[in-house]
Amino acid sequence: MESTEEKKRKIHIMVGYFRVPMRIDLSEEIIYRNAEKVVNKLLTETHKTYPLRSEEEILCLSLYNIAVALVKTEMNPEVAPLAESISKWNEEIDKLFEIK
C-alpha cells in the first residue's frame, strides 16, 4: 500500500522568470504543467500589451486577469461544478506553499 508521501512528486514550474518548487499529487501533474503554460502565455501577452511596465506590474496585471476570468466562471451557472473544483485546487495550492 502506498503512503500519501509516495503519491507526491516534487516539481519545479517557471512563472515568468521565477522558478517555483512544489510538492504535488502525482495524479495531478498534468494539471500543474498545463496551468504553468496558461500563466506564462498570459504573462507574455500582458508584457506585449504593456511593454514599459515592470515585471511586478506585469505579474499583478496577469494575476488580476486570471481572477476576473475565475469570477466570470463562478458567476456562470452552467459551470458551477468547475468553479467548485477550482476552489478545491486553490486550497491545494495554498497547502503547497505552506511553510513547514
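1. Basis. The model is predicted: local features need pLDDT of at least 70, side-chain atom pairs count only at pLDDT 80 or more, and totals for chains, interfaces and linings use all residues. Residues are numbered from 1 along each chain as its sequence is written, and side-chain values use heavy atoms, with hydrogens and water left out.

2. Fold. The chain has three helices and two strands, in the order β-β-α-α-α from the N terminus. Helices (H or I, at least four residues) and strands (E, at least two) are DSSP runs, numbered from the N terminus. Of the 100 residues, 18% count as buried; buried means under 20% relative accessible area, exposed over 50% and partly exposed in between (1.4 Å probe, protein chains only).

3. Helix α1. The 21 residues of α1 should span 30 Å at 1.5 Å a residue, and the end C-alpha atoms are 30 Å apart, which agrees. The expected span is 1.5 Å times one less than the number of residues. E29, Y32, E36, N40, L42, L43 and T46 are buried in α1. Seen down the helix axis, these buried residues fall within an arc of 160 degrees, so they line one face; the arc is that of the directions from the axis to the C-beta atoms. On the other side, I30, K37, V38, K41, K48 and T49 are exposed.

4. E29. This residue of α1 counts as buried because its relative accessibility is 18%. The C-alpha atoms of E29 and K10 are separated by 9.7 Å, with the two residues 19 apart along the chain.

5. Core. The largest nonpolar core has seven residues: I11, I13, V20, M22, I24, Y32 and L96.

6. The largest pocket holds about 1100 Å³ of space. On a 1 Å grid over the protein atoms alone, a pocket is an open set of points where a 1.4 Å probe fits, with protein on both sides within 12 Å along at least five of seven lines; lining residues have an atom within 4 Å of a point. The volume is the space filled by probe spheres set on the points. Of its 29 lining residues, A35, V39, I66, N90 and I93 lie nearest the centre. α2 gives the most to the lining, with ten residues.

Technical notes: Core = buried A, V, L, I, M, F, W, Y, C linked by side-chain atoms within 4.5 Å.
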